[in-house]
Amino acid sequence: MSALHIDFTDFDKVVRDVRLELPGVLDASIRDMCALVMAEFCEETQAYRENITLNAGAGEFDLVSPHSDAIVIGVASIELNDQPVAPGDYRQSSPDLIEFAEMLKSDASAVVVLKPEDDATRAPKSILERWRQVIGLGVKSRFMLQPDLSWSNPNLGLQYRREYLHRVSAVAADVRNEFSVTRRGSSPHKINVYY
């Protein structure tokens with residue numbers, strides 16, 4: 001098994017980013033909320049993926065996360081003998097269990113989709129660094145939408161929630177397209193660097 005995510009980091013940078021807008025919220029509470037938002041983000045975007053090996057000699061596999069504070073929520077793809085296995089050739093009876101029609105005669109490689117557990121204290125560094133601002137928007141919106149507290153701000157909370165959901169949708173689209181964009185033609189507008 002080759003791990004894609006080998007570097008992990010805590011949520012301290014997100015805590016620093018959002019602390020000023022959440023007066024009265026303890027850093028520990030912000031860290032807890034970061035874990036919840038990170039789990040939601042990874043479930044919605046499916047950006048947290050890892051390669052695992054399915055060993056020959058079995059037809060049913062419990063998909064176990066290679067990381068102690070993450071759980072498997074699905075399968076992105078499976079390859080057997082360097083050929084993609086179609087979803088119809090295996091059955092996924094739950095997020096972390098797959099069954100093949102026949103016992104595997106050789107090892108297969110699966111890309112599984114993960115999400116951190118709700119009480120995780122760290123996250124993949126590459127994901128958190130790339131989308132730290134998105135996670136921060138989710139954290140701020142959740143706190144600000146809590147009623148009747150010193151940090152409550154429903155209007156700003158709703159604005160942050162809309163922006164968070166919009167950006168999560170954009171990340172999910174990037175992941176579905178495997179982070180590639182194809183452009184054709186030219187822009188209908190001339191771009192002026194002065195405005």
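This is a predicted model: local features need pLDDT of at least 70, side-chain atom pairs count only at pLDDT 80 or more; totals for chains, interfaces and linings use all residues.
Residues are numbered from 1 along each chain as its sequence is written, and side-chain values use heavy atoms, with hydrogens and water left out.

The protein has 5 helices and 9 strands. Here helices (H or I, at least four residues) and strands (E, at least two) are DSSP runs, numbered from the N terminus. Read from that terminus, the elements come in the order β-α-α-β-β-β-β-β-β-β-β-α-α-α. Of the 195 residues, 38% count as buried. Buried means under 20% relative accessible area, exposed means over 50%, and partly exposed lies in between (1.4 Å probe, protein chains only). A contact means heavy atoms within 4.5 Å. Among contacts between residues at least 6 apart in sequence, 77% join residues at least 24 apart.

Helix α4 covers residues 132–144, which is 13 residues. The expected span of a helix is 1.5 Å times one less than its number of residues. For α4 this gives 18 Å, and the end C-alpha atoms are 18 Å apart, so the two values agree. How many of the residues of α4 are buried? The count is 10 of the 13, so α4 is largely enclosed by the rest of the structure. Among the buried residues are Val134, Ile135, Leu137, Lys140 and Phe143. What covers the buried residues of α4 includes α1 (12–18), α2 (27–45), α3 (125–130) and α5 (154–176).

Axes are lines fitted to C-alpha atoms, for helices over the stretch in contact, and angles run from 0 to 180 degrees between N-to-C directions. The axes of α2 and α4 come within 9 Å and cross at roughly 115 degrees. The crossing of α2 and α4 is right-handed. A crossing is left-handed if the near helix is turned anticlockwise from the far one by less than a right angle, and right-handed if clockwise. On the α2 side, the residues that meet α4 include Ile30, Met33, Leu36 and Phe41, and on the α4 side they include Val134, Ile135, Val139 and Phe143.

With α5, the axis of α2 comes within 8 Å and crosses at roughly 45 degrees. That makes α2 oblique to α5. Angles under 35 degrees count as roughly parallel, over 145 as roughly antiparallel, 65 to 115 as roughly perpendicular and the rest as oblique. α2 passes α5 in a right-handed crossing. Here Val37, Glu40, Phe41, Glu44 and Thr45 of α2 meet residues of α5 that include Arg161, Tyr164 and Val168.

α2 also lies across strands β4 and β8 (108–116), running at about 140 degrees to β8. These strands belong to an open sheet of 4 strands in the order β2-β8-β4-β5, with antiparallel pairing. Its edge strands are β2 (49–54) and β5 (83–84), each of which pairs on one side only. Two strands pair if DSSP finds at least two bridges between them. Strand β4 (residues 70–80) and β5 are joined by 2 bridges, and leucine 80 stands opposite glutamine 83 in β5.

Another group of strands is arranged around β7 (residues 97–100). In a regular strand the side chains alternate between the two faces of the sheet. In β7, Leu97 and Glu99 point one way and Ile98 and Phe100 the other way, and all are buried. Strand β3 (residues 60–62) runs antiparallel to β7 and is joined to it by 3 bridges; glutamate 60 has glutamate 99 as its bridge partner. Strand β6 (residues 90–94) is also antiparallel to β7, with 4 bridges, and glutamine 92 stands opposite isoleucine 98. β6 and β7 form a hairpin with 2 residues between them.

Two loop residues remain. Most residues other than glycine have a negative phi. Glutamine 46 has a positive phi, near 60 degrees. Glutamine 46 sits in the loop between α2 and β2 and is partly exposed, with a relative accessible area of 36%. Aspartate 82 also has a positive phi near 60 degrees. Aspartate 82 lies in the loop between β4 and β5 and is exposed, with a relative accessible area of 67%.
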